[in-house]
Amino acid sequence: MEVQHEKSPTCGTICLKSLLLIFNVLFWLAGGAVLVVGVWTLVAKSDYISLLNSSFYTTSTYLLIAAGCVVIVTGIIGCCATLNERRSLLIVYLVLLLCIFLLEIIAGVLAFIYYQKVDNDLTDNLKLTMQQKYQQPGEEALTQAVDKLHQEFKCCGSNSSADWADSLWIKSDTNHRLVPDSCCKSPSHLCGLRDHPSNIYKVEGGCIMKLEEFILDQLYIIGVVGGGIAFLQLLGMMFTCCLYRNLKDEPY
């Protein structure tokens, strides 16, 4: 009776497994980076999101968090498929990589579209939001966001401090402030009675310019991280296809 010997892995298979394992570690780290960026944006910068009329930025943040989780899970599946040399798992892994890659392309196109309209979105809505909703009943979160915007970005008003002259709150303020107290360089109660440059922030372009810079920087970070992951995915798909061809048939 003939004894069948199990084939030992070839040098090519060992090299491909090593490359794919290295890729999966990098891919897993990249997924963690995406998750951290998404959570940081949601937790630390959520106040500014409420100032935007468009829901795209909020949606993209949640998509970023979801993508990070999926990437981490996909990386784990890739490691299991590689270590166990399971062709069935490799197929699942390859399909997941392809789906994430296509989603990143779609997200990238949407981000590019929003990148082009950020200025218009802020110009059309931020001034109106500040003038009509600041310190109004039920708008506590937005009021806190505006105050935080003033202090963190050292600005006052949407285009300039003069925008506050048409604010519903300023017009009804019994203390006759000219700007909110959060516009002051050293905030204190009723410091907004004086709008002299020595007392308040007077930045050319106002908070619109500062908030636009912040959003564009965030989109740039998302684009760089997404582009890096997309490049890794192309390598991963190539390594996966090569390893799949080199492995012996496995029962599904």
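Is Cys-207 buried or exposed, and what is its relative accessible area?

Reply: Cys-207 is buried, with a relative accessible area of 0%, where buried means under 20% relative accessible area, exposed means over 50%, and partly exposed covers the range in between (1.4 Å probe, protein chains only). Before going further, please keep in mind that this is a predicted model, in which local features need pLDDT of at least 70 and side-chain atom pairs count only at pLDDT 80 or more, while totals for chains, interfaces and linings use all residues. Residues are numbered from 1 along each chain as its sequence is written, and side-chain values use heavy atoms, with hydrogens and water left out.

The partner of Cys-207 is Cys-155, and the two are joined by a disulfide with an S to S distance of 2.1 Å; a disulfide is taken here as a pair of cysteine sulfur atoms within 2.5 Å. Cys-155 sits in the loop between helix 5 (140–153) and helix 6 (168–172), whereas Cys-207 belongs to helix 7 (residues 206–246), so the bond ties together parts that are 52 residues apart in sequence. Helices are DSSP runs (H or I, at least four residues), numbered from the N terminus. The torsion about the S-S bond of Cys-155 and Cys-207 is about 100 degrees, so this disulfide is right-handed. Cys-155 also counts as buried, at 0% relative accessibility.

By the distance rule, the count comes to three disulfides. Another of them is formed by Cys-156 and Cys-183, whose sulfur atoms are 2.1 Å apart. Because Cys-156 lies in the loop between helix 5 and helix 6, and Cys-183 in the loop between helix 6 and helix 7, this pair ties together parts that are 27 residues apart in sequence. The link of Cys-156 and Cys-183 is right-handed, with 85 degrees about the S-S bond. Cys-156 is buried at 2% relative accessibility, and Cys-183 is buried at 0%.

Cys-184 and Cys-191 form a disulfide too, with their sulfur atoms 2.2 Å apart, and this link is right-handed, with 110 degrees about the S-S bond. Cys-184 counts as buried at 0% relative accessibility, as does Cys-191 at 11%. When the bonded cysteines are counted along the chain, the disulfides follow the pattern 1-6, 2-3, 4-5.

Technical notes:
Helices (H or I, at least four residues) and strands (E, at least two) are DSSP runs, numbered from the N terminus.
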